[in-house]
Amino acid sequence: MKSKPTKSQANGSKSKVKKGAAEHTSLSKKLRDKIDGETSKAGPSYSSAGAQRKTGPGSILHYIYRSTLGQSLHSQMRQNGAGDFIGGMKFCPTDFSRVYAASGEGKLTLHSFEGHTPTLLSRTQDCSHDHHNVCFWYCCVDVSVSRQMLVTGDNMGELLLLGLDGKKIFSSKLHKAKVTHAEFNSRCDWLLATASVDHTVKLWDLRNIKDKKSFLYEMPHEKAVNSAYFNPLDASKLLTTDQHDQIRVYSSSDWSKPQHIIQHPHRQFQHLTPIKATWHPLYDLIVAGRYPDDRICTGEKRSIDVFDSNSGELVFQMYDSTASGIKSINKFSPMGDVIASGMGVTLLIWDHDESLVSGRHKPIEETSASADGVRGQRRGQQRSGRDRRGPTGDAKLKKKLASLEETETKTKTGCTKQKQTQKRKL
């Protein structure tokens, strides 16, 4: 996994040199000497067991930091990277310096940010990447600590269950086509969700899984499905995203039918990272990147949309005119106050401020912003012709959004000033 400074970081380094090359060189030398001294001896272990000792930096941030100081780390990072595209990644729940990766070269591996050689856990059938042979590769990965189990699926519909040591537990073709997502339920570890290009999402009881007909529930979709995430709060809901224009919310009260179907443009494109709606870690809020379709509705922006999963309503949008690309990947931070967005080779960080809370009773009209500003737009309705939320639903949502801000700033009466969300490009 290779990392390099962004353009902004490079420009920042140049400006510092111009201001005072002697001071910058002296500081860099001190920092380099300090890191070299620290990395020449074994450091304390950060694993949950506390028994292992390790050498070198403890996280990817140390690698990036050392790289900004001019140290060459390409050989170490290249040794630790996957040999092809990444189909899925999952941090080890007991050791955040390790990550499981399912790659396009047909390998399921455990990687370490400490420079250790990756551990090969499973490999698909050998094949060459040409049109004469059928190639198999892994497309997703998840881990369950309580069951001491890994799950992955391949591009032909095969599902594989492994022990954490890589020992095979179960394997069967459970879908007709590529398994795009597989996930354990965090509150009920025998419950597994899988999504597939065959237009279905299925729930499985791992205690009784036998073949493709042994599913608990089958959830048919109109299009291929990219993901099926359980909500992190209590794992009682399932969020699915298809490859065209539907986001669905299912509830444990009745898994057989969707609680809400949200119309949302995010069509699939060959060279675009698949768009997957994801959950807020603490509230029933959904975030997803928008890929407008001018054939259906002209003038829409490539915004990041936030929905209330209890009502299906669009409650907030984020848009930045200086970053107009499609934000395929959007994830809340563990505290839910920051959103990280992947847009091509650019990473956007959106800070939460009072704009999510203040003025929420009226639609906020978009105003001009500076080049570094971010514009947030809250819509009172998702599309023309849709009913607005009722008083009860609005009050409930108001309470949720207000809770996101630990210390809410009081606004002056009659002031409807829009506040900008701050953005940093990494």
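Author: A strand here is a DSSP run of E with at least two residues, a helice a run of H or I with at least four, and both are numbered from the N terminus. By that rule serine 122 is found in strand β6, residues 119-123. The model is predicted, with local features needing pLDDT of at least 70 and side-chain atom pairs pLDDT 80 or more, while totals for chains, interfaces and linings use all residues. Residues are numbered from 1 along each chain as its sequence is written, and side-chain values use heavy atoms, leaving out hydrogens and water.

Reader: Why is serine 122 called buried?

Author: Buried means under 20% relative accessible area, exposed over 50%, and partly exposed in between, for a 1.4 Å probe and protein chains only. Serine 122 has 10%, so the residue counts as buried.

Reader: What makes the approach of serine 122 to tyrosine 138 a polar contact?

Author: The term covers a pair of N or O atoms within 3.5 Å; within protein, one must be able to donate a hydrogen and the other to accept it, and residues adjacent in sequence count only if both atoms are side-chain atoms. The two side chains are 2.7 Å apart in this pair, which is a polar contact. With contact taken as heavy atoms within 4.5 Å, serine 122 also touches residues beyond four places in sequence, including Gly106, Leu108 and Leu160.

Reader: How do you know that β15 and β16 pair, and which way do they run?

Author: Pairing requires at least two bridges found by DSSP between two strands. β15 and β16 (residues 237-242) are joined by 5 bridges and run antiparallel. Within this pairing, serine 227 of β15 stands opposite threonine 241 in β16; their C-alpha atoms are separated by 5.6 Å, although the residues are 14 apart along the chain. Another 5 bridges join β16 to β17, again antiparallel, and the open sheet of 4 strands has the order β15-β16-β17-β18. β15 and β18 are its edge strands, each pairing on one side only.

Reader: What makes β15 mostly covered?

Author: 6 of its 6 residues are buried. Serine 227 is one of the residues assigned to β15, and its relative accessible area of 0% places serine 227 among buried residues. Its contacts outside four places in sequence include Thr180, His181 and Lys276.

Reader: Why is the pair of tryptophan 204 and phenylalanine 215 called edge-to-face?

Author: Rings of Phe, Tyr and Trp (its six-membered ring) pair if their centres lie within 6.5 Å; planes under 30 degrees apart count as stacked, over 60 as edge-to-face and the rest as tilted. The structure holds 3 such aromatic pairs. In this one the centres are 6.0 Å apart and the planes stand at 90°, so the pair is edge-to-face. Tryptophan 204 is buried at 0%, whereas phenylalanine 215 is partly exposed at 26%. The rings of phenylalanine 230 and tryptophan 255, 6.2 Å apart with planes at 80°, are therefore edge-to-face as well. That pair links β15 to the loop between β17 and β18.

Reader: How do you know that the charged end of arginine 207 sits over the ring of tryptophan 190?

Author: The criterion asks for NZ of Lys or CZ of Arg within 6 Å of the ring centre and within 35 degrees of the ring normal. Arginine 207 meets this at 4.0 Å from the centre of the tryptophan 190 ring. Lysine 301 likewise lies over the face of tyrosine 319, at 5.6 Å.
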